Amino acid sequence: MEEEKKFDNSESFKNDSVINLIFFYNIFLRNKVVFAIFTLAISFFAFIYSSFKKPIWQGQFEIVIKLEKNSNSNSINPSYLLKLAAFNIDQGNSSLMTEVGILKSPSVLLPVYEYVISEKKNKDPNFKKVDFNSWIKDSLNIELKESTSILEITYKDTNREIIKPVLNEISKEYQ
């Protein structure tokens with residue numbers, strides 16, 4: 001008798017685990033008007049939103065970072081050379097991260113930020129000034145390409161004409 005119960009439980013489990021698509025199809029047919037109205041309403045609001053949203057333009061450039069290496073390659077034993085190579089890899093990565101930090105620092109980016117604010121105020125006297133950290137977070141992306149010494153700088157703005165001059169200012173300030 002217990003074996004029959006186990007068999008019945010496993011059979012009910014099989015029936016519960018199967019998705020009954022006919023059930024969902026019938027729900028859809030009964031409520032097709034509600035689904036159609038909901039779909040049209042969402043589409044309408046999406047169209048209105050996209051019509052009034054300002055486009056965001058983006059520009060980018062890349063900088064190749066050259067690391068200075070000391071070349072004292074007289075006679076060196078191989079074990080020392082392996083240790084030195086491992087040290088230089090860590091030191092190179094640290095130097096690259098230092099360069100990224102320098103470019104992200106306020107001492108480099110503050111003049112660029114002030115340039116952007118002055119340009120936007122010239123175009124629109126009612127322009128509301130954003131703080132420096134918000135500007136960096138929202139408009140500027142500075143990152144090192146993985147496994148390379150290439151630094152990629154991306155700037156985003158709603159004003160298309162300002163992107164190229166801002167990228168030039170960033171490049172000039174970094175140099």
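By class, seven nonpolar, three polar and four charged residues form the lining of the second largest pocket. Here Ala, Val, Leu, Ile, Met, Phe, Trp, Tyr, Cys and Pro count as nonpolar, Asp, Glu, Lys and Arg as charged, and the others, Gly among them, as polar. The structure is a predicted model, in which local features need pLDDT of at least 70 and side-chain atom pairs count only at pLDDT 80 or more, while totals for chains, interfaces and linings use all residues. Residues are numbered from 1 along each chain as its sequence is written, and side-chain values use heavy atoms, with hydrogens and water left out.

The second largest pocket holds about 260 Å³ of space. Its lining comprises 14 residues, and those closest to the centre are Lys120, Trp135, Asp138, Ser139 and Lys156. A pocket is an open set of points, on a 1 Å grid over the protein atoms alone, where a 1.4 Å probe fits and protein lies on both sides within 12 Å along at least five of seven lines; lining residues have an atom within 4 Å of a point. Grid points are joined across faces, edges and corners, and the volume is the space filled by probe spheres set on the points. Three elements each supply at least two lining residues: α5 (106-123), α6 (132-139) and β3 (150-157). The greatest contribution to this lining comes from α6, with four residues.

The protein has seven helices and three strands. Along the sequence, their order is α-α-α-β-α-α-α-β-β-α. Helices (H or I, at least four residues) and strands (E, at least two) are DSSP runs, numbered from the N terminus. Of the 175 residues in the protein, 20% are buried. Buried means under 20% relative accessible area, exposed over 50%, and partly exposed in between (1.4 Å probe, protein chains only).

Two salt bridges are counted, each defined as a side-chain nitrogen of Lys or Arg within 4 Å of a carboxyl oxygen of Asp or Glu. One joins aspartate 157 to lysine 120, with the closest N and O atoms 2.9 Å apart. Aspartate 157 lies in strand β3 and lysine 120 in helix α5, so this pair ties together parts that are 37 residues apart in sequence. Both aspartate 157 and lysine 120 are buried. Lysine 120 is also among the residues closest to the centre of the second largest pocket.

Glutamate 169 and lysine 172 also form a salt bridge, at 3.3 Å from N to O. Both residues lie in helix α7 (residues 163-174), three residues apart, about one turn of the helix. Glutamate 169 counts as buried, at 17% relative accessibility.

Tyrosine 113 is placed in helix α5. This tyrosine is buried, with a relative accessible area of 6%. Tyrosine 113 and glutamate 169 are 56 residues apart in sequence, and their C-alpha atoms are 9.6 Å apart in space. A separation of 9.3 Å, C-alpha to C-alpha, is found between tyrosine 113 and aspartate 131, which are 18 residues apart along the chain. Aspartate 131 sits in the loop between α5 and α6. Its relative accessible area is 43%, and aspartate 131 is partly exposed.

Lysine 104 belongs to helix α4 (residues 78-104). This lysine is partly exposed, with a relative accessible area of 42%. Its C-alpha atom is 8.6 Å from that of isoleucine 136, 32 residues away along the chain.

Phe44, Phe45, Phe47, Ile48 and Phe52 make a nonpolar surface patch of about 610 Å². Patches consist of residues with over 30% relative accessible area and no salt bridge; like charges are joined within 9 Å, and nonpolar side chains (Val, Leu, Ile, Met, Phe, Trp, Tyr) within 5 Å. Accessible areas come from the Shrake-Rupley method with a 1.4 Å probe, and for residues only the protein chains shown count as cover. Isoleucine 48 is in helix α3 (residues 32-52). Isoleucine 48 is partly exposed, at 32% relative accessible area.
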